[in-house]
Amino acid sequence: MRDNSKFVSYLFEVAWILPSVAIPVTLFVAVVITAFAVGIRVPTDVGRIDPQALAQTAPFDKPGVREMAPGVYEATIIAQVFMFTPNTIEVPAGAKVTFSLTSRDVIHGFKIEGTDANGMVVPGQITKVTATFRTPGEYLIVCHEFCGGGHQTMYGKVIVK
Amino acid sequence: MAHAMSSARPMVAESAERFGTEKRIAGINILIAFTFLAVGGLMGVLQVLNYNGIDLYPAIKPVLPGGYYQGLSLHGVLNVLVFTTFYIIGFLTFIFAKALDKPMASPAMAWVTLGVMTTGLLTAAVPLLLNQATVLFTFYPPLKASSLYYIGLTLVVAGTWLLLVNMILTRNAWLKANPGKITPLPAFMALVTMSMWTIATIGIASEMIFLLIPWSLGLVQGTDVILARTLFWFTGHPIVYFWLLPAYVSWYTLVPQHAGGKLFSEPMARVSFILFLILSVPIGIHHQITDPGISEAWKLVHATFTFVVFFPSLLTFFNVVASLEYSGRKRGGKGWLTWIFSLPWGKPEFTTQVVAMLLFAFGGIGGLVNASYNLDLVVHNTAWISGHFHLTVGTAVALSFMGITYWLVPHITGRALWSRRMALAQAWTWFVGMGIFSHFMHELGLRGMPRRTMIGGAPYVLDSWKVLLPMTMVGGLIMFFSAALYYLNMIMTISAGQKDSRTQEVVFAKAVSGPEDVPAILDRFTPWLAVAAVLILVNYGPTLFNLVTNARLNIPGLSPW
């Protein structure tokens, strides 16, 4: 990289720019493949709900877990300061569980340790996340968004038998 | 002073000392910035202690009635909103005028900028200190703070817009006096930064004015949470470039000079900044990848554009490292990498900023993970994220800003830095402390530990976290020691530093490929602003249109702390 050698500088620039373009492109391809071929999806727009009318709005009128088909479950959970209702659900090993979540008051978080289930739980909105529990054991659910003075006590469990 | 408002008029208000106003503005801004950083930083120390079962909050209950989360609100607001914004406004005012070799067109407006921002800061500080704004720096509704908090923060932002106006007036006058000339690089970069920031703050200003302020005053009964979050992140991602670009200004135009060399390429530096101007805003939804109410298609679009904005950062990496290599070789360095040892590691203003760059490389790589759409499911709202931005804003930005003060405070005060060795020790201890802290925060995040949570009071702490948590305290305490060195050195410099006339020189780096190689298009704003506007309309238009037309202000809000 001498002062008088613009051509060498030019080669250096090209040698750097090629991978600088290749890295983001590779990441994009990886994201598209894992999302649409492997099916690792993120929460999307699934509709609004009136947080004052949860008791009259299915499925939030009956929180809990239901088997929809063999091995396929739906869990309905309401978040509020500083608890999940229900805060423990039980499913058999191998269960694929879709969680429908909403909040009664402020924003909460929902993350199940060791899975892809991760979503914001927002009053007025429904969040859907899915996880498959292959190994028996206890999976920790934490509220991962600050929701007030007792935020650190807000957690739940998925028990897989 | 008010006479100078018109750009057409020649400078009538230059004080006896040239750039006296800019120096004073920079000095006061930096003083405010670091005063509040001291409070915010101390809160961080309390947090790592709490992580490890040492709970000091009961002992300071009289001054911090809200405990952990009030402290966490102070930590976020003071460190990333107050410290950064005040520092940046002061630094860019000074750099811009100095680079044009022309005082700001309106010194009065410069003082009004500071006045509006300070009024805002004091207004927001009252509820923060009274535990009436324990809503963290993201203030997501329907957590409801005192209206003074929202009004104060809005004033701080509105104040910053005045700097852009003043810069435009000053540059117009400069262009008239220097027809056909290319705007000096540091001034161009400062103007790009403030232009990008002003566009970006449309989001937060709308959130405050249309949603949060009327709601917190009781004028409307509720708010729309997803709309508010989306407006927040319209500003919330580009704000990281608002923090970062002033550090880049220094890395590009001053660090090569500190190193005794030259900037590698000015055209490439301009391309990088123009890309930031275009790409910083239309990617904010990558912070909302796990949000309901926003379609996954737009999340993917924003994630993809976030990958694209990685490109100007890689250009910066190349250009800055090439500049360092040029300097190292000029100082007699040889070999593929051993030229590194020929760099002036004994100069605190140099070393501090270069070690900040080193940690930033890891911050950049982590940022790619965060933006990677479904990969975000692993890390979203975990300690990984806090680990990430302590490398970026907490090191690349904050440590660079400290490094800049090692020459700028002597320049403003006319007093030599009190201890250069202490400054070097400060830089390396920050590097080590943050390296440790951040590494273990990333690890904890991968094991599912949530961020912004009083872990010391959580009933669910996993064994896999317990073995890692002590290292966050080790890192945090090393940083505390580093910060103590910084503040001691600065206080001694201001109060007892030796009068030294050599501090009066400020020289920007020349470039190997300089202004003579800059095509005119790389010194223009209108075409690039048009591209930015189109991209914002495309990437945000449909989502915002949908959210605004379906908005329901029906979530009442709560202050559960």
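**View 1. Packing of helix H6 of chain B against its neighbours in the predicted model.** The buried residues of H6(B) (buried meaning that 20 or more other C-beta atoms, placed from the backbone, lie within 10 Å of a residue's own) pack against helix H5 (185–216), helix H7 (238–253) and helix H17 (526–549) of chain B. Contact here requires C-beta atoms, placed from the backbone, within 7 Å of each other, and helices are DSSP runs of H or I with at least four residues, numbered from the N terminus. Eleven of the twelve residues of H6(B) are buried, among them Arg229(B), Trp233(B) and Thr235(B). The model is predicted, with local features needing pLDDT of at least 70 and side-chain atom pairs pLDDT 80 or more, whereas totals for chains, interfaces and linings use all residues. Residues are numbered from 1 along each chain as its sequence is written, and chains are lettered from A and ligands numbered from 1 in the order in which they are written.

**View 2. The length of H6(B).** From its first C-alpha to its last, H6(B) reaches 16 Å, close to the 16 Å expected for its twelve residues at 1.5 Å a residue, the expected span being 1.5 Å times one less than the number of residues.

**View 3. The contact of chain B with chain A.** Chain B gives 55 residues to this contact and chain A gives 49 residues. On the side of chain B that touches chain A, helix H6 (225–236) and helix H10 (296–330) each supply at least two residues, and the largest share, 14 residues, comes from H10(B).

**View 4. The domains of chain A.** The domain assignment, automatic or from a database, gives domain 1 (1–40) and domain 2 (51–160) of chain A, and the centres of these domains, taken over C-alpha atoms, are separated by 40 Å.

Note on methods. Contact = placed C-beta atoms within 7 Å.
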